[in-house]
Each structure stands twice: as structure tokens, then as C-alpha cells.
Amino acid sequence: MYRKKILAFEAKGSYGVLPVFFKEICDGFEKEGYLVQRKSIDTIIWEELRNIPYAEFEFIFCFNSAFYREISYLFPVSVITVAFFVDHPIIHQIRIKRNHCYNFLALNVDKYWVEFAKKHYLAINENQFVPHAGSKAKNVVPYKQRKYDVVQIGGYLSSWQALQTIMRTRKEKHFNYSMKVIEIFLSQETISLEDAFAQVFAMPEFTFSDQEKWEIEEKFYLEDDFIRAYAREMAIKSLLDAKIDVHVFGEKWDQFFGDNMEYLHIHGSISYLEALDVMANSKIVLNVTPTLNYGAHERIFSAMMNGAICLTNQSLYLKETGLDQELVIYSISEISDLPEMVLMLLSYEDQAEVISNRAMEIATKEHTWGNRAKKIIEIVNQYKTKRNYKDFQYANDCEMRFGEWCNYVRFNSESMLFSKIKNNYIEVEPNEIPVVERIFESYNRYGYWGRCDPHNGIFELFHNRVKEIKEHVEDFVWMFQELKDLRSKRALCNILYSWIRYSPQYLSNIKEHIFDQYFDMDLMQIEEDEVFVDVGAYHGDTALSYIQHYCHYKKIYCYEAFDKNMEICKNNLRGFSNIEYRECAVGKQNGIAYINISEDHSACTISDSDNGTRGIEIVSLDEDISEKITFIKMDIEGSEYNALLGAKRHIRNDHPKLAVAAYHNNQDLWRLAKIIKDLDDSYHFYLRYYGGVGYPSEYVLYGI
């Protein structure tokens with residue numbers, strides 16, 4: 001019987017925490033009837049990644065989005081990727097921004113974090129709240145026989161050191177601001193840290209630009225570290241002041257200083273599995289997570305599951321779900337009440353055991369990683385229904401990849417597409433920055449596709465491409481279906497992928513190396529009496545290439561609008577006969593046009609309006625050439641569409657072979673074939689790529 005499959009990638013994490021979560025959640029997937037293929041990020045090799053049949057999986061799962069950016073180059077973009085974030089998403093924002101998958105689902109363990117991700121990370125298609133879960137030790141000691149009265153699991157950070165870090169990082173300008181954020185958060189207690197930031201931003205004494213606000217907020221971990229360190233210190237000190245024995249497990253507790261230190265028992269760092277054993281042998285587990293206020297730390301559920309009473313700070317999630325009735329809740333702002341709670345629990349052991357047993361029952365029933373696996377499957381299935389997600393059947397890998405590109409465009413909004421494309425280019429590795437900057441320089445120098453200057457906030461290029469692919473995705477589908485060989489389909493597919501992702505591999509994989517540009521001899525059969533029309537002759541290099549490839553012709557027409565280029569063209573072709581030179585532009589009809597001359601004279605453009613440039617003659621091929629044309633090559637810097645309209649009689653009557661540059665704007669990749677097909681629907685189309693690997697250019701549409 002067919003079983004649905006899940007691909008799960010395991011990351012190690014600190015103290016062996018994530019492997020335990022990973023194993024239990026994968027076991028949960030399997031309990032729900034799925035076949036889970038588990039892969040370790042630490043040991044997997046790229047060749048293995050390339051050979052995984054990703055389309056066979058219902059979804060891919062990983063904690064914290066580990067290395068999705070890298071593997072998303074290898075698997076289809078429509079495969080659903082599920083990232084379970086056990087930390088605040090801002091900690092993983094680089095991973096999030098670099099994720100190229102359009103079905104990117106993020107699960108966060110705090111509802112405040114969900115709202116934060118929705119606001120700041122458009123690369124995520126779906127944000128959902130899924131709380132932490134608990135794990136159980138192999139041996140759970142009966143409550144009254146337990147070794148430890150009170151335990152605190154987790155490392156120590158001095159609040160003074162955290163404060164010094166804030167002072168060094170924020171410096172004088174923002175230090176007072178940080179102190180105000182901390183003051184508001186500790187006084188209101190169950191708000192989000194983001195809300196505390198917002199409240200201070202609204203104060204008249206603090207004036208920041210939007211960019212400054214984000215630069216401050218994205219270093220939220222500074223205030224978060226202090227708040228957690230301060231709350232943990234206050235909790236432990238209050239218990240030591242009451243002469244209550246506290247056993248601490250974690251790093252750097254030997255740096256802790258306070259009164260009655262003889263009551264603090266330091267055990268050092270332990271693994272997560274060892275921590276579970278400690279919980280299973282403790283009466284009270286102290287949890288201090290002051291900035292996880294609309295969720296719950298796994299320590300709460302693990303303590304419950306192992307029969308320990310969890311003494312934890314307030315959380316809106318615990319209140320909403322009624323879990324606050326199964327736990328003992330204290331207030332950070334009233335930390336002096338904590339020792340009395342502990343002493344009462346230790347004094348009334350029978351009642352404490354009742355709380356312990358009931359909490360264990362509830363956690364075991366409702367808060368295992370198996371429960372979370374079931375919830376994840378439910379979220380994925382709901383997402384598929386909501387997004388009208390479909391499974392597609394493809395004849396080959398190229399069709400599959402093109403279908404995935406289409407889905408990527410169809411199911412992403414313009415704003416989300418823009419965000420993803422921008423991040424793919426801007427959020428690159430440091431060693432890639434110079435390369436990307438040179439690419440932007442080229443884009444801006446030629447100006448065909450739109451400007452891009454990230455330093456000045458100009459992203460016209462990305463906006464233009466997003467608009468084009470959103471409005472014309474069905475035209476690209478038509479174009480893909482019209483292409484007559486797999487090489488052409490691969491070329492179109494990889495060009496379109498390069499529009500949305502920065503990766504040289506797309507263009508390097510399709511670059512032609514056998515024949516010269518415009519002359520694919522596998523496609524075109526040349527006769528003795530060819531009339532070759534070179535529109536955009538430049539220095540005569542294309543005409544020379546034609547002669548070298550085919551050796552014979554009846555006549556060659558060379559059209560070049562710029563006089564200096566024409567002089568060089570005539571000189572280069574001076575030894576050949578039956579060549580006619582036309583120093584004019586080619587367009588839809590005869591008239592006057594205006595030429596804009598590029599610095600290197602290779603990209604001269606024409607326009608209909610007099611903008612101070614030189615006026616030149618413009619002709620249509622239908623009016624300028626009376627004899628039959630057998631082959632037209634066009635490369636005229638974006639004027640190809642109008643030139644084709646001006647050659648409609650020749651195209652309809654003569655059916656010339658066509659080799660037309662299709663890269664001078666964001667439309668010609670599909671619309672040139674459309675106009676040719678409208679003029680003569682017997683044409684067969686092919687696409688070849690002759691450009692570099694940095695950015696897409698020099699692709700040629702062949703009409704045969």
C-alpha cells in the first residue's frame with residue numbers, strides 16, 4: 001500500500017536537545033502513517049542531496065530552517081518546507097530571508113513570534129503557532145522518593161555582564177532607550193518584547209527613523225539576555241534568602257554570587273537526556289522564561305511529563321489553555337512570593353503529588369512531540385487546501401522545474417515575490433557581494449530591465465520583473481509549450497529561475513559552446529540563394545560569422561543606425577561582394593527616429609521622441625526590401641518587436657528563418673514569439689543562450 005512520505009533533516013543543536021525533539025517528532029509522523037526519510041545535516045553530502053526525488057514527499061521538515069537556503073537550489077521550489085523555530089525567528093532571519101521555496105511554512109512556539117514573523121518576513125508563506133512539547137525520561141522516580149527538592153536547569157548569565165554588553169553595543173545614544181524597554185517589559189510582564197519596543201518608540205523623547213528602529217529592534221537579544229538573566233538571578237536569590245536548597249544544572253553557575261551560597265548546589269552542564277533524568281528525580285522544576293509570554297518552554301512540558309511540579313512565570317498561553325491550573329505560577333514582579341510557594345509545596349507533599357500526577361497525565365496525553373507531529377500534518381493539509389495546492393505529473397525534470405516556477409509565481413503575491421527576489425540578491429555571502437555589485441553595475445549601465453542600487457534603496461529591476469512574471473505567467477507557459485526541443489525548454493526555464501534567484505549555475509548550465517550566436521546549424525538549413533538580412537549589423541561581426549558558417553549566399557543586407565559603427569562594418573566586410581549597407585534604423589514604418597549612443601557604441605537605442613539626440617532615418621523591411629528574404633537576424637536593443645511588425649509581409653509571404661535577440665527588456669522573452677505566431681502560425685520556435693553567467697543576456701529566439 002502507498003504511504004505518504006516526509007523528508008526530515010536533523011540538526012544537532014546544543015546539549016543534544018534538537019536530536020531528541022527530532023526523533024520524537026519523526027516517530028510521531030510515522031505513528032500517523034507516514035514514511036519518514038531521515039537525513040542528518042552534519043553527514044549528508046551534496047551528491048546525495050541532488051539525487052533525492054523531492055517531488056515524492058508531502059513536505060520537508062527541519063528545526064530552525066537549517067540549511068534550507070542551500071538545498072532549495074536543488075529541490076523543486078513548490079515542495080512544502082516546514083521550519084519549526086524553537087528560538088525567536090529574528091535569530092534565524094538570514095536563513096529565513098535566503099529561503100527560496102515558495103511553500104515555506106514557519107512554526108513558532110510563541111504567538112507573539114508568529115505576529116513578528118508575519119510583519120517582518122514576507123519570505124514565509126504561512127506562519128503558525130505550535131507550542132513546544134515535552135519528553136519523558138526512561139525512569140521516572142515516584143514523587144515522594146525523589147532526590148532533589150528544587151532544580152533549575154539552564155546556564156547562568158550575570159545580569160551585570162548582560163548590562164555591560166548593552167552599554168557597549170547600544171552605546172550612550174540608545175542605552176537609555178534600552179533601559180526604558182526593560183522597565184516597561186518587567187512592569188507589564190506578559191507583553192511581548194516587540195510591544196515594549198513599540199511603546200518606547202512612541203515616546204516623544206525618543207525619535208528614530210524607521211531604519212534606526214529596525215537596527216535597534218533586530219538586536220533585541222541584548223535586552224532579552226538581560227531580562228532572562230535578571231529574572232533568573234532574582235528567582236534563585238529569593239530562594240537562597242529563604243535558605244531553600246536549589247540544585248542548578250548548567251554552565252557558569254560557579255560565577256554566581258549571592259547570600260547563603262551554601263544552599264546553592266552546582267552540578268555543571270548536562271545533556272538534554274540527563275536533564276530529563278534530573279526532572280524525573282525532582283519534586284519542583286523552576287522555569288524562568290520571561291520573554292516567552294505567549295507560549296511555553298519545553299521545560300514546562302517535560303517537567304509535567306516527568307512528574308515534577310513546574311513552577312513557572314506567567315504566560316498568556318498557559319492562561320488561555322487552562323494549563324495555569326495544572327502548574328504553579330509566580331510573577332516576576334512579585335518574586336518575593338516565590339519562596340513561600342516552594343515551601344508550601346514541599347510541606348504538603350500529598351497535595352503536591354496530586355498536582356504532579358495530574359500534570360503528568362495531561363502532558364502525556366496532549367503535549368508530546370507526537371501530538372505536535374499530528375498538528376503539523378494538519379497545518380500542512382490545511383495549507384494545501386487553502387492555497388489550492390496541486391500535485392503535478394511531468395514528462396521530465398525540465399517540465400517539472402518549469403511547473404514549479406509557474407507555481408512559485410502564481411501562488412506568491414507581488415509583495416512576497418519582490419521580497420524574495422530582493423533577498424536572493426541582497427542577502428548573499430560576503431564573498432559574493434563584489435560579484436553582485438558588478439552585476440548591478442551592468443544592469444544599470446544598459447538600463448534594459450530597470451535600475452538597481454541597493455545602497456540608495458532603488459529596486460526598479462525587481463519590481464519590473466515581478467510585475468512582468470505576475471501579469472504574464474500564462475504567456476510564459478504558452479512560450480514553454482511552443483518551444484520545440486528540450487534544450488530550448490531548459491534555456492527558458494533556467495533564464496526564468498535566474499530572474500528570481502541569484503545563482504550562476506542556472507546560466508552556466510545552458511550556455512551554448514558549439515555554434516556562434518544566431519547560427520545554430522542543427523536548426524537551420526541554408527540554401528545557395530540565401531538573402532540574409534542583418535538588422536543591427538554593428539561592426540559586421542554577425543555577417544562575417546554567417547559567411548564563415550555557411551560560405552554561400554545570394555545577398556546580404558546590413559542595417560546599422562550609427563555612422564561610426566557602419567564605417568567599421570564596411571571596412572570589415574570590404575572583401576565580400578553582394579552586400580548592401582543601410583545606414584538607418586529598422587522599425588514598424590518609415591520615418592524619422594532619434595538615436596541614443598552608448599559609451600561603447602554597442603548598445604545604441606532609438607526612440608520616437610526628440611529628446612535632444614540626433615535624428616536618423618528609420619525604415620520597415622517591408623518597404624525597404626522588395627525581393628524575397630530567407631533569413632533575418634535582429635539585435636537592435638529593444639526595437640525588435642516593432643521591426644518584426646515592419647516585416648510582416650516578408651514573414652507571411654517568405655517565411656524567412658528568424659534569429660532574434662529576446663533579452664533587451666522583460667517582455668520580449670515571450671512576446672516576440674507571440675507576434676511571429678500571429679503573423680505566421682506555421683513557425684516552430686527554439687531558444688538558445690549565449691550570454692554570461694552573472695546575469696541573463698544574449699538569448700536568441702529562433703523561428704524556423
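A cavity is a set of points, on a 1 Å grid over the protein atoms alone, where a 1.4 Å probe fits but cannot get out, whereas a pocket is an open set with protein on both sides within 12 Å along at least five of seven lines; lining residues have an atom within 4 Å of a point. Grid points are joined across faces, edges and corners, and a volume is the space filled by probe spheres set on the points. The model shown is predicted: local features need pLDDT of at least 70 and side-chain atom pairs count only at pLDDT 80 or more, while totals for chains, interfaces and linings use all residues. Residues are numbered from 1 along each chain as its sequence is written, and side-chain values use heavy atoms, with hydrogens and water left out.

**View 1. The two cavities.** The structure holds two cavities of 30 Å³ or more. The largest cavity has a volume of about 40 Å³, and its lining includes Tyr425, Arg501, Tyr502 and Pro696. That lining has six nonpolar, three polar and one charged residues (Ala, Val, Leu, Ile, Met, Phe, Trp, Tyr, Cys and Pro count as nonpolar, Asp, Glu, Lys and Arg as charged, and the others, Gly among them, as polar). The second largest cavity holds about 30 Å³ of space. Among the residues that line the second largest cavity are Asn287, His297, Gln314 and Leu318; by class, this lining has four nonpolar, eight polar and no charged residues.

**View 2. The largest pocket.** The largest pocket has a volume of about 1500 Å³. It is lined by 50 residues, and those closest to its centre are Tyr15, Asp87, Arg228, His297 and Arg299. Elements giving two or more residues to the lining include α1 (17-31), α5 (111-120) and α9 (221-241), where helices (H or I, at least four residues) and strands (E, at least two) are DSSP runs numbered from the N terminus. Helix α9 gives the most, with six residues. The lining divides into 24 nonpolar, 15 polar and 11 charged residues.

**View 3. The second largest pocket.** About 1200 Å³ is the volume of the second largest pocket. Of its 44 lining residues, Lys97, Gln211, Trp214, Lys422 and Glu427 lie nearest the centre. Its lining has 21 nonpolar, eight polar and 15 charged residues.

**View 4. The largest nonpolar core.** A nonpolar core is a set of buried Ala, Val, Leu, Ile, Met, Phe, Trp, Tyr and Cys residues joined through side-chain atoms within 4.5 Å; buried means under 20% relative accessible area, exposed over 50%, and partly exposed in between (1.4 Å probe, protein chains only). The largest such core has 103 residues, and Phe402, Trp405, Tyr546, Tyr559 and Leu621 have the most contacts inside it. Helix α21 (residues 486-500) gives the most to this core, with eight residues.

**View 5. Leucine 492 in helix α21.** Leucine 492 has its place in helix α21 and is buried, with a relative accessible area of 0%. Leaving aside neighbours within four places in sequence, leucine 492 is in contact with residues including Phe402, Phe476 and Leu687 (contact means heavy atoms within 4.5 Å).

**View 6. Helix α16.** Helix α16 (residues 397-411) has 15 residues and reaches 21 Å from its first C-alpha to its last, close to the 21 Å expected at 1.5 Å a residue; the expected span is 1.5 Å times one less than the number of residues. Of its 15 residues, 11 are buried, so α16 is largely enclosed by the rest of the structure. Among the buried residues of α16 are Phe402 and Trp405. The cover over the buried residues of α16 includes α17 and α21.
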